[in-house]
Amino acid sequence: MEETSREAVATAVQRVAGMLQRSDQLDKVEQYRRREARKKASVEARLKAAIQSQLDGVRTGLTQLHSALLDVKDIQGSLADVSKDWRQSINTIENLKDVKDAVVQHSQLASAVENLKNIFSVPEIVAETQELIEQGELLQAHRKLMELECSRDDLMYEQYRMDSKNTSDMNLISIYFEDVQGLSDELAKQLWMVLQRSMLTVRRDPTMLVSVVRIIEREVKIDRRMVDRKKQSGFIPPGRPKRWKDKMFEVLEGTVSTRIEGTQSVTREVDKMWLVRLLEIMRKYVLDDLIVVKNLMVQCFPQHYDTFNRFFGLYHNAVSTRVKELAFEDLEANEIVSLLTWVLNTYKSVEMMGHPDLYSECDINQLEPLLPQDVVDDLLSKYVKTFTSNITGWLRKALETDKKDWQKETEPEADQDGYYQTTLPAIVFQMFEQNLQVAAQIDGDFKEQVLKLCLKQMNTFLIRYREEAMTYKEEHLRDRQLPQCYVQYMIAIINNCQTFKESINSLKRKYTQSSEPTDSDAAIERTLNEVAKEGCQFLLDEVFLDLEHHLNELLTRKWLSGSHAVDTICVTVEDYFNDFNKIKKPFNQEMTSEALRRVVVEYIKAVMQKRITFKNADERREGAERMIKEADQFKFLFRKLAAGEDTDRLCGAITAIAEVFKLTDPTLLFLEVTTLVSKYPDIREEHIQALLAVRGDASREMRQMIIGTLSENKVSYSGFTQPIFKDITVPTITMTTMTTMTSMATAKLLK
């Protein structure tokens with residue numbers, strides 16, 4: 001208390017000090033005193049009121065506790081009296097057992113009296129109920145049936161309560177009401193029949209379907225009530241619970257399954273398009289039925305049945321089961337494609353489950369796949385295997401057909417630009433295009449897989465194509481008169497290679513997203529180039545077979561005296577190239593360049609074979625001038641044929657050799673030969689020796705000096721230009737050849 005007083009005094013001093021900080025505040029001391037006095041009086045009044053309130057509450061609590069104590073004592077006394085009375089009345093209760101039994105019996109008799117009318121009229125009600133069922137008045141029939149079952153169940157229940165072990169009375173009741181169970185079964189059959197025809201019924205007479213649902217709902221309630229009573233009393237009437245609601249869903253599921261299974265109208269033996277027809281019928285049935293469910297049937301069932309989603313699931317499961325059955329059948333390749341396209345694309349499209357009329361009621365993305373992925377993979381694998389076998393056969397047949405065309409006596413057809421071609425590329429790529437279009441309908445990855453397979457088969461096919469072109473050429477060489485249009489069809493084969501390239505690139509642009517070249521692409525490109533180049537080579541072989549006789553006349557005495565061999569060669573080449581103009585680029589350009597190179601090489605070969613040795617300067621001059629003239633002829637011809645930039649260099653080789661022959665001063669021969677070697681670095685020593693031998697006036701010492709000097713100062717070959725002399729061999733003179741030539745010379749002199 002003392003400490004509290006000191007704190008109060010200190011606080012008061014602090015407050016007073018705060019109020020009297022200035023001298024002018026001293027005049028207000030009395031005012032401050034009155035104000036503090038009022039505050040003190042107010043606080044004291046509130047404190048007294050609070051204490052008084054607490055005291056009143058305590059007084060009231062004590063009064064109530066005293067009253068409660070008195071009440072507890074009174075209750076304790078009353079309980080003691082009740083306990084005493086109960087102990088005294090135990091014997092009296094045991095004496096009332098007979099009264100209790102009488103009450104139970106009275107209750108049973110009252111129930112019997114209440115149902116007496118129904119009991120006596122059971123046969124009549126059974127007959128009426130049967131008649132109502134036959135007439136289709138299902139609601140009224142069910143009402144009668146409920147009355148019969150109620151009478152039977154009440155009697156059995158009372159009998160069970162009276163004596164649950166008395167089976168004879170129970171059997172008596174069961175026998176008397178035995179027709180009731182038959183009526184229940186008959187009514188159930190009628191209900192299931194209506195449900196089985198529910199799609200038709202809901203269109204024609206929806207009230208019938210509503211009646212069926214109402215009956216089933218009544219039975220669900222009765223089942224629930226009977227099950228609850230069993231929990232209390234242990235008794236349940238015979239035939240309960242009926243579970244008609246579960247049976248209803250089973251019937252609907254079976255109806256949907258039967259509906260889907262009944263879509264197959266024909267078999268493969270009758271119609272090759274049987275599967276397409278089946279899938280289309282299934283699509284139409286499912287879509288039409290679900291629209292009916294959405295617009296009509298949902299109104300016939302309670303909302304908590306979630307009718308549309310239930311039917312949606314039933315149809316999905318039924319379709320899934322059916323397509324699984326189809327997937328395990330021995331399907332052909334086109335049938336596999338039809339099934340997978342339908343399953344993977346059509347099923348969830350707007351044509352079926354994603355139809356606008358159904359879209360608002362369901363989420364197709366929540367649907368399970370119709371076919372498991374492993375089944376889809378098995379079908380795709382089977383299709384690829386069958387497709388590989390089929391396409392191999394198709395390509396073989398296409399090539400056999402094309403080979404027959406090669407033997408025709410008429411020229412092949414030409415395209416809009418005048419290039420010869422056959423129908424082979426169009427046939428092959430039409431097959432590829434059709435199968436890729438089908439694969440694209442299934443899946444993007446599968447499309448890529450089929451494209452790779454097509455390209456792989458294409459590579460194998462082109463190898464066979466190359467072999468057949470080689471065989472075609474060999475057969476022609478046995479009899480060059482046959483086939484009559486050998487050249488034209490060989491041109492068509494070359495052009496087909498270019499068409500194949502363009503078609504392959506078109507397929508890749510259309511059916512693949514990848515721009516990276518593959519090993520298969522490189523192999524196809526390589527094989528096509530080889531087939532085309534070999535075809536060009538075959539045609540040039542054909543040309544040079546016709547030129548062989550005239551080429552053999554070059555650089556001979558007959559040639560020197562005035563031969564028209566080169567004129568004939570130019571005319572023949574130009575005539576052939578009138579046909580070769582029908583070869584597509586770039587092969588026509590390459591072929592013209594190769595023809596020029598071969599003509600020049602054959603001409604130089606004639607020089608190197610030393611068919612003639614010039615006897616004097618006049619012969620050398622005449623021969624050189626003829627060579628220069630003929631080189632100009634070749635140059636004019638191949639410029640006309642657009643042989644390319646190498647024309648001058650190739651024809652210049654003949655002119656350069658002619659300049660070696662034309663030289664009149666042997667002392668300058670080394671310089672002329674050096675000029676030739678500098679222009680054509682691939683020329684070899686044996687070539688120079690042959691040239692000097694044909695010239696005829698170079699001594700042994702001069703030849704050795706020229707060869708030796710050139711060997712010491714050999715010009716390196718860069719390889720940037722196409723070699724001319726590399727493939728030209730100089731024939732060596734053997735002892736037998738020398739003897740033969742000596743004998744021929746001796747015989748000529750003697751003659």
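Angles under 35 degrees count as roughly parallel, those over 145 as roughly antiparallel, those from 65 to 115 as roughly perpendicular, and the rest as oblique. The views below come from a predicted model, in which local features need pLDDT of at least 70 and side-chain atom pairs count only at pLDDT 80 or more, while totals for chains, interfaces and linings use all residues. Residues are numbered from 1 along each chain as its sequence is written, and side-chain values use heavy atoms, with hydrogens and water left out.

**View A. Helices α23 and α25 are roughly parallel to each other.** Helices here are DSSP runs (H or I, at least four residues; strands are E, at least two), numbered from the N terminus. The axes of α23 (residues 587-608) and α25 (residues 647-662) come within 9 Å and cross at roughly 15 degrees, where an axis is a line fitted to C-alpha atoms, for helices over the stretch in contact, and angles run from 0 to 180 degrees between N-to-C directions. The crossing of this pair is left-handed, a term for a near helix turned anticlockwise from the far one by less than a right angle, with right-handed used if it is turned clockwise. On the α23 side, the residues that meet α25 are Leu 596, Arg 597, Val 600, Tyr 603, Ile 604 and Val 607, and their partners in α25 are Thr 647, Leu 650, Cys 651, Ala 653, Ile 654, Ile 657 and Phe 661; contact means heavy atoms within 4.5 Å. The residues of this contact divide into 11 nonpolar, one polar and one charged, where Ala, Val, Leu, Ile, Met, Phe, Trp, Tyr, Cys and Pro count as nonpolar, Asp, Glu, Lys and Arg as charged, and the others, Gly among them, as polar.

View B. The axes of α19 (residues 486-511) and α22 (565-580) come within 10 Å and cross at roughly 45 degrees, which makes α19 oblique to α22. Their crossing is right-handed. Val 487, Gln 488 and Ile 491 of α19 make the contact with Tyr 576, Asp 579 and Phe 580 of α22, a set with four nonpolar, one polar and one charged residues.

**View C. Cys 497 lies in helix α19.** With a relative accessibility of 0%, Cys 497 counts as buried, the word for under 20% relative accessible area, whereas exposed stands for over 50% and partly exposed for values in between (1.4 Å probe, protein chains only). Apart from its neighbours within four places in sequence, Cys 497 is in contact with Leu 528, Val 531 and Ala 532. Gln 589 is 92 residues away from Cys 497 along the chain, and the C-alpha atoms of the two are separated by 15 Å.

**View D. Helix α14 is largely enclosed by the rest of the structure, since 10 of its 14 residues are buried.** The buried residues of α14 are Ala 333, Glu 335, Ile 336, Val 337, Leu 339, Leu 340, Thr 341, Trp 342, Val 343 and Thr 346. What covers them includes α12 (274-295), α13 (307-327), α16 (373-406) and α17 (424-442). Two of these covering helices, α12 and α13, pack at an angle of about 170 degrees with their axes 10 Å apart, and are therefore roughly antiparallel to each other. The residues of the contact of α12 with α13 divide into 14 nonpolar, one polar and three charged.

**View E. The loop between α10 (206-233) and α11 (244-261) holds Pro 241 and Arg 243.** Most residues other than glycine have a negative phi, and most peptide bonds are trans. A cis peptide bond joins Arg 240 and Pro 241, with omega about -10 degrees. Arg 243, although not a glycine, has a positive phi of about 55 degrees, and this residue is exposed, with a relative accessible area of 52%. Gly 234, which follows α10, has a positive phi near 85 degrees.

**View F. Pro 586 and Lys 610 lie in the loops to either side of α23.** The peptide bond from Lys 585 to Pro 586 is cis, with omega near 0 degrees, and Pro 586 is placed in the loop between α22 and α23. Lys 610 belongs to the loop between α23 and α24 (617-640); its phi is near 55 degrees, a positive value in a residue other than glycine, and Lys 610 is partly exposed, with a relative accessible area of 29%.
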